[in-house]
Amino acid sequence: MTMTSVSLKDYHPFPPLQEQYPVEFMEKRKVIKLHTRKDGSIIIGLGIPDDELLKEELQDFHHSQCEFVKIDNDELAAYLSKELSRQNEHEYNTKDSTSVIQLDKLANDAPIVNLVNNLFIEAIRSNASDIHIEGSSDTTTVRYRIDGMLSYVSKLPSGQFPAISSRIKIMANLNIMERRLPQDGRISLHLGGIDLDMRISIVPIAGGESIVLRLFNEKDTLTSLDQLGFSKKDLSTLKELYSLNNGLILFTGPTGSGKTTSLNAIIRKLDAVSSKIITIEDPVENRIPGVSQIQTNEEIGLSFHSLLRRVLRQDPNIIMIGEIRDSETAQLAVRAALTGHLVLSSLHTNDAVSTINRLRNMGTEPYLLGAVLKGAVAQRLVRKLCPECKKIRYPSPGEKKLFKEHGIESGKIYEASGCSVCGNKGYKGRTAVYEIMTVDLKLEKMIADNAQADIISDHLKKTGRINIISSGLRKVVDGETSLAELERVL
Ligand SMILES: [Zn+2]
């Protein structure tokens, strides 16, 4: 069947910009939306009339009658170059698989571009770690995760969701026509002097899509160890640990406890000039100058352990493994630590002592573990009380007793209130509560002798070294957080 040939001139003006396909898509696939008829059917111009795949994709995308006509490629190119030069001031570049977009310069573009940019800007402004956008047939819901808690931002009219979703897919170089399969991507933005990296996950849900953007803000407030809330004394303990030439150091805690942030903060402190530092991460969150950062990719066989095997041939001094999840990784990590490398990693356990049992259960020989394990830090993130509105109160007799049990004198403590500074939440920012287990000769021997966990716990308690609850209670007495928040997290 031959296709009618038309001239673009016959269809001026084209549908408004927010209804048009994205310029990059039009250029790559040689396609333009020419006209939408009153009955909803669409006339689409094709530069490559026999691109059956494209026709299928468009049919699928529009859910309405599509009529395809042939257009002249040169005519389309001329129109697009005019359109692109207009958009050029936006500096929309594509580098590798990430788009570097000058967000602030995009401010005067189509309403959707504005809307999406504003969502990003507002997220950065409120220090959000994630943006959740869920679109269904009825509404588009936008929420931010701030200090670990999801909060509602706005409900947008349903008609806008496809455009918002497409806009985000374009920014992440994803297939905008795909709405039935999950997609993952990344966006890099430069915004008012801040480099912002976002990891994107899009999953189809009934009636729409769920889009989650994880923000990796270079200016993240929680990037250094002291900002994370470690005391001076504990900072020097940590320094002794990460200054070792070899051994294994672990950070533990549930998801969202800030393990990765701590690991990254330590890597930043290390001398990347005189030592070769390699990290294996899932995903690479923040890029660190001088450090070779490798992203895992299970789909193509790049798991933690397969990468670790290769990394060992790269003559590294320090290796950071995002997380030890299986026995293969555990054993490789121990072997690496035994053969003169400093290995930093994280484990999913509740406290520092449990790292010993977990690694034993993953098949690590006790005598090897005793030889390599130098320290374990268990941590949680608690929200900090807003300094503007926190309220004084006095602990109840029961609470006083709790403080006393942990050897802490409690006078007045504080609780959350709410004001305009903290968005009526009563909390602003987060700090770590933690325990640091350092392995001395006695403990090393206990681990090597396969001592029971409770015997090890008793030993540690006797030497008074570790207790995550005491660390939290101390922060309550110091007015940094509240008992209620501590209870929520621990
Ligand atoms: Zn406040």
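This is a predicted model: local features need pLDDT of at least 70, side-chain atom pairs count only at pLDDT 80 or more; totals for chains, interfaces and linings use all residues.
Local features rest on pLDDT of at least 70 and side-chain atom pairs on pLDDT 80 or more, while totals for chains, interfaces and linings use all residues. Residues are numbered from 1 along each chain as its sequence is written, and side-chain values use heavy atoms, with hydrogens and water left out.

The zinc ion is held by the SG atoms of Cys386, Cys389, Cys419 and Cys422, at 2.3 to 2.4 Å. Donors here are N, O and S atoms within 2.8 Å of the metal (3.2 Å for Na, K and Ca); water is not among the atoms, so sites may look incomplete. The 4 donor atoms subtend angles of 106 to 112° around the zinc ion, and the arrangement is therefore tetrahedral, a label given to four donors if all angles lie between 85 and 135 degrees. Along the chain, the donors follow the spacing C-x2-C-x29-C-x2-C. Cys389 sits in the loop between strand S17 (373–385) and strand S18 (391–393), and Cys422 in the loop between strand S19 (413–415) and strand S20 (427–438), so this pair ties together parts that are 33 residues apart in sequence. Helices (H or I, at least four residues) and strands (E, at least two) are DSSP runs, numbered from the N terminus. Both Cys389 and Cys422 are buried; buried means under 20% relative accessible area, exposed over 50%, and partly exposed in between (1.4 Å probe, protein chains only).

Strand S17 also contains Val382. Val382 has a relative accessible area of 0%, so it is buried. Beyond its neighbours within four places in sequence, Val382 is in contact (heavy atoms within 4.5 Å) with several residues, including Gly429, Val433, Thr481 and Val489. The C-alpha atoms of Val382 and Leu490 are 9.1 Å apart, although 108 residues separate them along the chain.

Next come two helices. The axes of H14 (residues 441–448) and H15 (residues 453–462) come within 11 Å and cross at roughly 175°. Axes are lines fitted to C-alpha atoms, for helices over the stretch in contact, and angles run from 0 to 180 degrees between N-to-C directions. H14 and H15 are therefore roughly antiparallel to each other, the term for angles over 145 degrees. H14 contributes Lys442, Leu443 and Met446 to the contact, and H15 contributes Ile455, Ile456, His459 and Leu460.

Another helix, H2 (residues 52–62), holds Lys55. Lys55 counts as buried because its relative accessibility is 14%. Leaving out residues up to four places away in sequence, Lys55 touches Met3, Leu46, Pro49 and Phe68.

The backbone has some particular points as well. The peptide bond from His12 to Pro13 is cis, with omega near -10°, and Pro13 belongs to the segment before helix H1 (23–29). A cis bond also runs from Asp282 to Pro283, with omega near 0°; Pro283 is in the loop between strand S13 (277–281) and strand S14 (292–295).

Asn127 is not a glycine, yet its phi is positive, near 60°. This residue lies in the loop between helix H4 (111–125) and strand S6 (128–135), and at 38% relative accessibility Asn127 counts as partly exposed. Asp147, also not a glycine, has a positive phi of about 50°. Asp147 is in the loop between strand S7 (139–146) and strand S8 (149–157), and is buried, with a relative accessible area of 16%.

Technical notes. Angles under 35 degrees count as roughly parallel, over 145 as roughly antiparallel, 65 to 115 as roughly perpendicular and the rest as oblique. Four donors count as tetrahedral if all angles lie between 85 and 135 degrees; four count as square planar and six as octahedral if opposite donors are over 155 degrees apart and all others between 65 and 115; anything else is irregular.
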